[in-house]
Amino acid sequence: MQERILTGDRITGKLHLGHYVGSLKNRVELQNSYECFVLLADVQALTTHFNHPAIVRDNLRNVAMDYLAAGIDPNRSTLFIQSMIPEIAELTVYFSMFVTVNSLRHNPTIKSEAAERGYTQLNYGFLGYPVSQAADIAICRATLIPVGEDQVPHIEQTRKIIRRFHDLYRPVFPEPQALIGAIPRLSGLDGGRKMGKSSGNAISLDSSPQQVNELIQKATTDPERIHKSDPGHPDICPIYSYHKAFNAPQAEDIYRNCSQGTIGCSECKARIAGQINKLLEPMNERRETISKYPKQIDEILISGTERARVLARETMQEVREAMGIAYFGPNTFQ
Ligand code: TRP
């Protein structure tokens with residue numbers, strides 16, 4: 001079977017290194033072999049940012065730039081905007097008829113995101129965003145979903161929704177599978193569990209070498225290590241986790257020297273900053289070229305969304321037929 005890839009990101013800020021290792025790197029490679037769709041999830045962003053729509057609007061083109069700079073090729077990948085595909089909203093409604101509120105309440109990612117954000121009451125749209133994500137995936141008939149580890153419960157929920165749809169009506173969609181990056185989760189600069197754009201502990205992909213150096217120098221390290229000769233604990237140090245992610249060939253060496261107290265934190269930091277800058281350099285160059293042609297970015301988004309919409313309409317017609325609510329056949333109004 002020919003695989004079809006769909007991934008996407010909530011448009012709430014620029015993308016960072018965590019996105020890169022968790023899924024973006026995978027996408028850039030996969031587009032060479034498979035049909036790829038990349039979703040700019042602005043509706044999903046509004047589930048938490050409905051009171052700040054300007055953040056969503058302002059980041060749409062930033063994220064598009066991040067994609068292009070990271071090597072997403074618009075000739076091989078279809079970039080599209082979620083809010084401009086009304087069929088996604090329509091399919092979300094049909095799915096929501098049979099998805100139980102309890103299954104959403106028990107979704108571990110919903111639970112932890114709600115806790116992180118301090119939500120005591122869950123809005124309908126927030127609680128239901130896994131259903132809308134299932135619609136994103138189903139409408140594209142995607143089979144492989146490169147995402148970070150935190151998204152696995154949503155892909156699991158999508159599979160359940162699709163199976164239920166097939167049991168109720170008839171098979172229309174393939175069952176998608178999650179594809180997780182080699183480094184599923186990158187820790188934050190503050191030593192937190194996860195690099196995140198909201199918590200201010202991230203290195204965004206558009207960082208200059210100087211910004212990377214500063215962020216890394218300020219980052220938390222093993223708190224028990226005060227003098228260079230103190231033995232370090234690389235397993236709890238975010239800097240070491242970055243060595244594993246971005247400096248794999250030297251990581252073992254760093255581990256040994258840190259544990260034995262023979263490399264200082266500032267040298268260790270300088271080395272990883274150098275590696276990160278090496279990774280970001282071609283992205284920064286590409287970004288500089290692309291940013292000279294802002295109109296072209298809009299054209300890429302418009303033509304990608306148009307392409308995705310054709311596919312979404314076809315899928316929705318089959319959905320209506322499967323459900324027995326295609327009253328007048330296809331293209332009634334065209
Ligand atoms: N929830 C995803 C995230 O936060 C973004 C997303 C929305 C997505 N729709 C999707 C990812 C469909 C994969 C497929 O990263």
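## The ligand and its surroundings

A residue is taken to be near a molecule or strand if one of its heavy atoms lies within 4 Å of it. In this predicted model, 14 residues surround the ligand, and the closest are Arg 10, Gln 44, Gln 133, Asp 136 and Gln 151. Residues are numbered from 1 along each chain as its sequence is written, and side-chain values use heavy atoms, with hydrogens and water left out. Because the model is predicted, local features need pLDDT of at least 70 and side-chain atom pairs count only at pLDDT 80 or more, while totals for chains, interfaces and linings use all residues.

An N or O atom in the side chain of Gln 44 is 2.7 Å from a nitrogen atom of the ligand, and for Gln 133 the corresponding distance to a nitrogen atom of the ligand is 2.9 Å. Gln 151 places a polar side-chain atom 2.8 Å from a nitrogen atom of the ligand.

## The largest pocket

On a 1 Å grid over the protein atoms alone, a pocket is an open set of points with protein on both sides within 12 Å along at least five of seven lines, a cavity is a set of points where a 1.4 Å probe fits but cannot get out, and lining residues have an atom within 4 Å of a point. Grid points are joined across faces, edges and corners, and a volume is the space filled by probe spheres set on the points. The largest pocket has a volume of about 1,000 Å³, and among the 45 residues that line it, His 19, Glu 113, Asp 150, Gln 151 and Lys 194 lie nearest its centre. Two or more lining residues come from each of β1 (4-10), α1 (17-30), β2 (35-41), α2 (42-49), α6 (108-117), α8 (129-140) and β4 (144-147), where helices (H or I, at least four residues) and strands (E, at least two) are DSSP runs numbered from the N terminus.

By class, this lining holds 12 nonpolar, 20 polar and 13 charged residues. In this scheme Ala, Val, Leu, Ile, Met, Phe, Trp, Tyr, Cys and Pro count as nonpolar, Asp, Glu, Lys and Arg as charged, and the others, Gly among them, as polar.

## The second largest pocket

The lining of the second largest pocket divides into nine nonpolar, five polar and six charged residues.

Helix α14 also contains Val 319, which is buried, with a relative accessible area of 0%; buried means under 20%, exposed over 50% and partly exposed in between, with a 1.4 Å probe and protein chains only. The C-alpha atoms of Val 319 and Ala 248 are separated by 47 Å, and the two residues are 71 apart along the chain.

## The cavity

The count comes to one cavity of 30 Å³ or more, and about 90 Å³ of space lies in the largest cavity. Of the 13 residues that line the largest cavity, Arg 225, Cys 237, Cys 258, Cys 265 and Cys 268 lie nearest its centre. Helices α11 (238-246), α12 (248-260) and α13 (265-290) each supply at least two lining residues, and the largest share, three residues, comes from α13. This lining has eight nonpolar, two polar and three charged residues.

## Individual residues

Ser 77 lies in strand β3 (residues 77-81) and counts as buried because its relative accessibility is 1%; its side chain is joined to that of Gln 31 by a polar contact of 2.8 Å. Arg 141, in the loop between α8 and β4, counts as buried at 18% relative accessibility. Its phi is near 50°, a positive value in a residue other than glycine. Most residues other than glycine have a negative phi.

Conventions:
Polar contact = N/O pair within 3.5 Å; in protein donor to acceptor, adjacent residues only side chain to side chain.
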